[in-house]
Amino acid sequence: MSNVEKYKEFRTRLKNLTYACNVLAFDEATVCPKLDKENSMDVYNYFAIEADRIATSDEYYNLVKELNNNPSGLEDIEIEMIKKELKELTKQRKIPSDLRELGYEIISKTSLSWEKGKETGDYSEFDKNINEEVEYYKKYIKCLEDKYKGYDVLLDEMEDDFTESMYDEFFNKLEKEIYPLLKKILSMPKKYNENIKNVKFDIDKQRKLTKRICEMMGYDDTNGYIGETLHPFTNGFNSNDVRTTTSYSEELLFSNIYSVMHEVGHAIYELQVDKRFDGTVFQGGASCAIHESQSRFFENYLGRSKAFIHYFYPILLEYFPNELKDYTEDDIYYYVNDVYAQLTRTEADELTYPFHVLIRYNIEKKLFSGKLNTDGISDEFDCQMEKYLGIKPKNKKEGCYQDIHWASGFGYFPTYALGSAMSAQFYYSMKKDIDIDACMEKGDFKTIREWLGSHVHKYGASKKNLEIVKLATNEEFNPDYYIKYLKEKFTLIYGVEE
Ligand SMILES: [Zn+2]
């Protein structure tokens with residue numbers, strides 16, 4: 001068998017194992033009965049560790065190395081893939097296999113204890129696990145320290161070449177430019193009929209509306225699936241199958257709507273990746289921030305725009321004619337763009353959002369610089385929440401442990417704010433080619449999808465984060481677009497000067 005044939009055989013095994021892991025992870029989060037979750041996670045780990053062992057084996061690593069040195073018989077795109085794979089494997093192999101395997105174990109038990117805590121409010125088990133997890137990541141960092149040290153190792157892992165000093169600069173800019181406007185707006189009167197907060201929306205009807213929104217966006221049961229979970233997420237299997245979840249509550253219609261638009265934004269990204277990349281290292285998104293830039297683009301830049309609400313208002317009335325009869329189109333627009341201090345990041349308006357992210361980023365920095373132990377997370381979170389938004393959580397459930405992310409790792413949060421900033425740059429660039437408002441006024445997502453497909457999505461993970469920003473917008477990444485967007489939108493809504 002030639003090296004190329006051997007390589008293809010390995011790739012098929014890895015692709016199949018990864019697919020099995022995706023099915024198991026999605027199943028565990030959506031339909032697996034509570035009593036069997038632990039077992040389900042064990043089975044997931046079995047397949048994930050098997051894939052890890054194959055990928056990092058000497059045999060496979062040497063094969064990839066040989067093909068990188070002598071790529072005859074490979075197509076140009078495959079040569080690029082090999083190059084990327086070699087880089088990733090070289091890095092992965094720096095972590096001893098027993099430590100990598102311990103990581104799977106710690107993450108699954110920490111995730112399960114987070115789910116338990118979310119249900120019961122008792123986080124004592126999670127407290128213990130998160131401490132073990134931070135210790136694990138400290139060892140993990142040590143194995144990979146080279147160009148980057150400490151927390152930067154984790155940041156770079158989530159977002160290529162983004163470091164603490166770059167994020168510091170980014171967040172400092174937001175604090176200087178956006179925070180004063182936020183403070184001003186927080187003290188202003190509401191612009192909508194606040195009784196809407198007390199209206200209840202039947203969950204079955206919400207499910208039907210969800211389906212309608214998905215179809216409107218170009219996501220249906222031929223290429224996706226919407227499950228239900230505590231913490232919505234998207235899981236990309238390949239460019240024909242990307243599954244998402246949402247959660248329903250009678251009180252939170254708009255939370256579901258925007259969560260769906262967000263997750264479907266993630267899904268559309270992966271569905272539009274070049275099909276040749278399926279099952280390869282180029283499958284899926286380029287980076288966490290680029291991924292978030294796409295989900296938040298659909299959720300906010302489109303979904304919370306005046307033009308879209310104009311199109312969407314009559315649809316809302318079709319589903320909830322009695323519930324919404326006292327509320328105008330303006331009520332809905334101002335309600336879904338209401339800037340207010342509340343505790344939940346995923347419910348945050350666009351202006352407070354980056355500060356929710358900043359709080360978590362500040363805590364992560366302290367955890368990995370040794371300035372904070374895990375038992376101090378809760379107090380630190382409460383203190384920062386009070387500093388930035390002037391409110392204090394009653395408990396860990398609505399405070400520091402509201403998000404699932406710390407159950408599986410660190411360094412992810414700042415990419416949320418970075419992604420939102422990248423969305424703005426894509427938005428202004430797209431505006432040069434397309435009348436986005438005119439599209440949204442008629443619910444035309446196709447034109448938008450096509451632009452994103454050809455400017456951002458098609459590259460999958462074949463290009464790096466900042467390369468894609470440059471290719472799509474003809475400019476280097478520039479957070480000033482984010483500041484411009486937030487200022488333009490919210491000074492207009494609230495009729496304030498900056
Ligand atoms: Zn997201």
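Student: How is a pair of aromatic rings described, and how many aromatic pairs does the count come to here?

Tutor: A pair of aromatic rings is described by the distance of the centres and the angle of the planes. In this predicted model the count comes to 48 aromatic pairs. Take Tyr46 and Phe47, whose ring centres are 5.3 Å apart and whose planes stand at 90°, so the pair is edge-to-face, given that angles over 60 degrees count as such.

Student: Is Tyr46 buried or exposed?

Tutor: Tyr46 counts as exposed, at 54% relative accessibility, while Phe47 is partly exposed, with a relative accessible area of 26%. Another pair is that of Trp406 and Phe413, with ring centres 5.6 Å apart and planes at 80°, so this pair is edge-to-face; both Trp406 and Phe413 are buried.

Student: Which ring does the charged end of Arg304 sit over?

Tutor: The charged end of Arg304 sits over the ring of Tyr258, 3.9 Å from the ring centre, and the charged end of Arg345 sits over the ring of Tyr416, 4.3 Å from its centre.

Student: Which residues have the most contacts inside the largest nonpolar core, and where does this core lie?

Tutor: The largest nonpolar core has 132 residues, and those with the most contacts inside it are Leu209, Ile257 and Ile332. Domain 1 (3-157) and domain 2 (164-494) both give residues to this core, so it lies between them. Leaving aside residues up to four places away in sequence, Ile257 touches Leu209, Ile213, Phe312 and Leu316. A second, separate core of 17 residues includes Ala55, Tyr60, Tyr61 and Leu74.

Definitions and conventions:
Residues are numbered from 1 along each chain as its sequence is written. This is a predicted model: local features need pLDDT of at least 70, side-chain atom pairs count only at pLDDT 80 or more; totals for chains, interfaces and linings use all residues. Side-chain values use heavy atoms; hydrogens and water are left out. Rings of Phe, Tyr and Trp (its six-membered ring) pair if their centres lie within 6.5 Å; planes under 30 degrees apart count as stacked, over 60 as edge-to-face and the rest as tilted. Buried means under 20% relative accessible area, exposed over 50%, partly exposed in between (1.4 Å probe, protein chains only). A charge sits over a ring if NZ of Lys or CZ of Arg is within 6 Å of the ring centre and within 35 degrees of the ring normal. A nonpolar core is a set of buried Ala, Val, Leu, Ile, Met, Phe, Trp, Tyr and Cys residues joined through side-chain atoms within 4.5 Å. Domain bounds come from an automatic or database domain assignment. Contact means heavy atoms within 4.5 Å.
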